[in-house]
Amino acid sequence: MIRQPQQLVLCFKQQQQLQSSTLRQSSTLNFKSSLPSVNGTCFKQRNQHKNFVSLNTPIESPTYNYPITALALPCKSTRNSRGKSPFGIYVPSQHFTAQRVKSPGSMATKKKTKEKIDVTKSEVSPVNLNEEITKVLEVLARNEKSEDNVYKERAYYNAIRTISLYPQKITSGEEAKQLRGIGESISRKIDEILSTGTCEKLTESSSNPTTQLMNLFTRIYGIGPVAARKFIEKGYQSIDDLSKDPDLTPIQRLGIKYLNDFEIPIPREEMIELDKLVTITAREIDERYTVTVCGSYRRGAPESSDIDIVLSHPDYISSLESDPGELLKKYVDCLSEKEFIIDHISSGAVKYMGICRLQDNESRIHRRIDIRLLPYDRYWLGIFTLTGDDEFNKKMRSRAMDLNMHLSEYILARKDKSTGEIREPIEVQNEADIFRSLGLSYIEPKDRSWRMVRKKYKSDQKTEKNVNAAQQPESSSDKIGKVNENQRGGSQQPEASSDKPGKVNEKQREGSQQPEASSDKIGKVNENQREGSQKPESSSDKIGKVNENKREGSQPVNSYHRDWIKEEIKSQSSSNRLLEATKRIFKWPWTGISSR
DNA sequence: GCGCGC
DNA sequence: GCGCGC
Ligand SMILES: [Mn+2]
Ligand SMILES: [Mn+2]
């Protein structure tokens, strides 16, 4: 029985990121399954946010008459040239893997294409010499984001990163095209920018009212591409129009209310004050709370966009019997009583999102605050994930998949080869354990900002000790003192404090204090640990006070400069091969950027 | 990439 | 399913 081509809807959410090459329109896909073998063409439909696959081969199956919603299953990224099964789809009650067919032609042309230059392989520019170009590309990237074209957005950011590192002023699109991340389309735009200062795509979009409105509306917290489009279809022309809509969700109303404040970055000085407040507040309720401010702040960024807190308590661990209870609520209530938290966006048992403000003076700006309650014994996985950035997390999880493992803030585990089932967790006592299990060299928090565009750098003095730190963030012209704070913070590795969370043993289940670091770490533990203070301590934001804070009995002031041991960089640099391998795996080596 | 809350 | 978080 011959059938018409069937459409499959591919949903890429919550699955391994699919490289744009995998998603390119007209890619031929071949599905091998319990159903007869089929293949189809991948395409994107206008005004649809999903990717479709139309089947070229007719299929006969009981599911034929049903709309088939397909999920892309974990797939090997295309950079894995061993390329087992780069694609898989899931059909309700049917489960089959699929293979992307590489046409012989495309293989041949792939071989023919010239090796692209990796700018990070040689000396990079300390400053962005091509700002004229990257500025335009940044707007184009943001436009694509508003339209929900995440792959195009990423492509632009990749290009921007390359170009901003390029050690010369680019004089032609052809020159730029030699670099990785810049292809036909962007190189053409570069020629346009060089001769006219702008490009057609930009002028076109900035004169297109719909694009402008998309950009405007998606700036509002709680309004994504879908909602924005809906509001535009209703005919709204401004935020004023929008705010009269009865269908606005409470969250979107907050988004409008605080639109201006949310776009003001949080300087690191303020982050440190916020850190102090949230740390002290937890101690006031219960000494056993552990508060760690993560996100860009932990990556050492000079500015942050919000406050990301990992909260942990020995009463909540990753066992079926353990439940989060009111641990998070109690903490949030306390912060609300202090009138620090003033509005709530969402509030669950393990994740809280809200709005806060320091009150010491009227000029304080409203800030976004996120709090995640994570199992005490999974503390380090939580820290790792919540430190990010998102691109870094994706790459790490992708790496885990390549190794047939699963990585999330809750678990690092191997998967069963045949069933794909997640097996028992791999022990994680600190962040270094995660890198080790993934076969990677240790990457410092300050080197984990893989998404954002590099802004300013000062040329670097490479130390033998820290081979990773090819560059350090340049001091933002304002504060000199901040630089030291950042650099020091960057290399500071909060690991394995004497009472660090992460390990649950019998004692702990009874709610007693933490044991010492695991034995395999002892050799690396420095003098800090032997002090055996009750709680992870912290220094204030000034280097001069570090020693002072190391004294036993001093109160933790914030979570950042906690008196944890520094992961021995020496052990990293001793394995230069591992470092080189790590850089190879991720094609974009970390460049020392600290950004939010 | 994976997970939370609505 | 959307929007958000990293
Ligand atoms: Mn953040
Ligand atoms: Mn956040």
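Which helix lies across S15 and S16? In this predicted model, local features need pLDDT of at least 70 and side-chain atom pairs count only at pLDDT 80 or more, while totals for chains, interfaces and linings use all residues. Residues are numbered from 1 along each chain as its sequence is written, chains are lettered from A and ligands numbered from 1 in the order in which they are written, and side-chain values use heavy atoms, without hydrogens and water.

Helix H17 (residues 390-402) is the element that lies across S15 and S16. H17 runs at about 160° to S15. Axes are lines fitted to C-alpha atoms, for helices over the stretch in contact, and angles run from 0 to 180 degrees between N-to-C directions. Helices (H or I, at least four residues) and strands (E, at least two) are DSSP runs, numbered from the N terminus.

S15 and S16 belong to an open sheet of 3 strands, in the order S15-S16-S17. The pairing is antiparallel. Two strands count as paired if DSSP finds at least two bridges between them. Strand S15 (405-407) and strand S17 (422-425) stand at the edges. Each has a single partner strand, so one side of each is left without a neighbour in the sheet. On average, neighbouring strands here are turned by 35° against each other, direction ignored.

S15 is joined by 3 bridges to strand S16 (residues 412-415). Leucine 407 has leucine 412 of S16 as its bridge partner. The two strands form a hairpin with 4 residues between them. S16 and S17 pair over 2 bridges, again in the antiparallel sense. Here alanine 413 stands opposite proline 425 in S17. The hairpin of S16 and S17 has 6 residues between the strands, and its glycine 420 takes a positive phi near 80°.

The nonpolar interior comes next. A nonpolar core is a set of buried Ala, Val, Leu, Ile, Met, Phe, Trp, Tyr and Cys residues joined through side-chain atoms within 4.5 Å. Buried means under 20% relative accessible area, exposed over 50%, and partly exposed in between (1.4 Å probe, protein chains only). The largest nonpolar core has 28 residues. Val278, Ile307, Ile309, Tyr331, Phe340, Ile369 and Ile371 have the most contacts inside it. At least two residues of this core come from each of helix H13 (268-285), strand S9 (290-293), strand S11 (307-312), helix H15 (327-337), strand S13 (351-356) and strand S14 (367-373). Contact means heavy atoms within 4.5 Å. Leaving aside neighbours within four places in sequence, isoleucine 371 is in contact with residues including Ile309, Leu311, Leu328 and Tyr331. A second, separate core has 26 residues, among them Tyr379, Leu407, Leu412 and Ile434.

Helix H16 (residues 379-387) is mostly covered, with 9 of its 9 residues buried. Among them are Tyr379, Trp380 and Phe384. Just after H16, glycine 388 takes a positive phi of about 65°. In helix H11 (residues 250-257), the buried residues are Gln252, Leu254, Gly255 and Ile256. They pack against helix H9 (225-233), helix H10 (239-243), helix H12 (259-262), strand S12 (341-347) and S13.

Two manganese ions are 3.8 Å apart. Donors are N, O and S atoms within 2.8 Å of the metal (3.2 Å for Na, K and Ca); water is not among the atoms, so sites may look incomplete. The manganese ion (ligand 2) is coordinated by Asp306 (OD), Asp308 (OD) and Asp370 (OD), at 2.0 to 2.1 Å. In sequence these donor residues are spaced D-x1-D-x61-D. The manganese ion (ligand 1) has Asp306 (OD) and Asp308 (OD) as its protein donors, lying 2.1 to 2.2 Å from it. Aspartate 306 bridges the two ions. Aspartate 306 counts as buried because its relative accessibility is 14%. Aspartate 308 is also buried, with a relative accessible area of 13%.

The structure holds 0 disulfides. A disulfide is a pair of cysteine sulfur atoms within 2.5 Å. Cysteine 294 counts as buried, at 1% relative accessibility. Cysteine 334 counts as buried at 16%.
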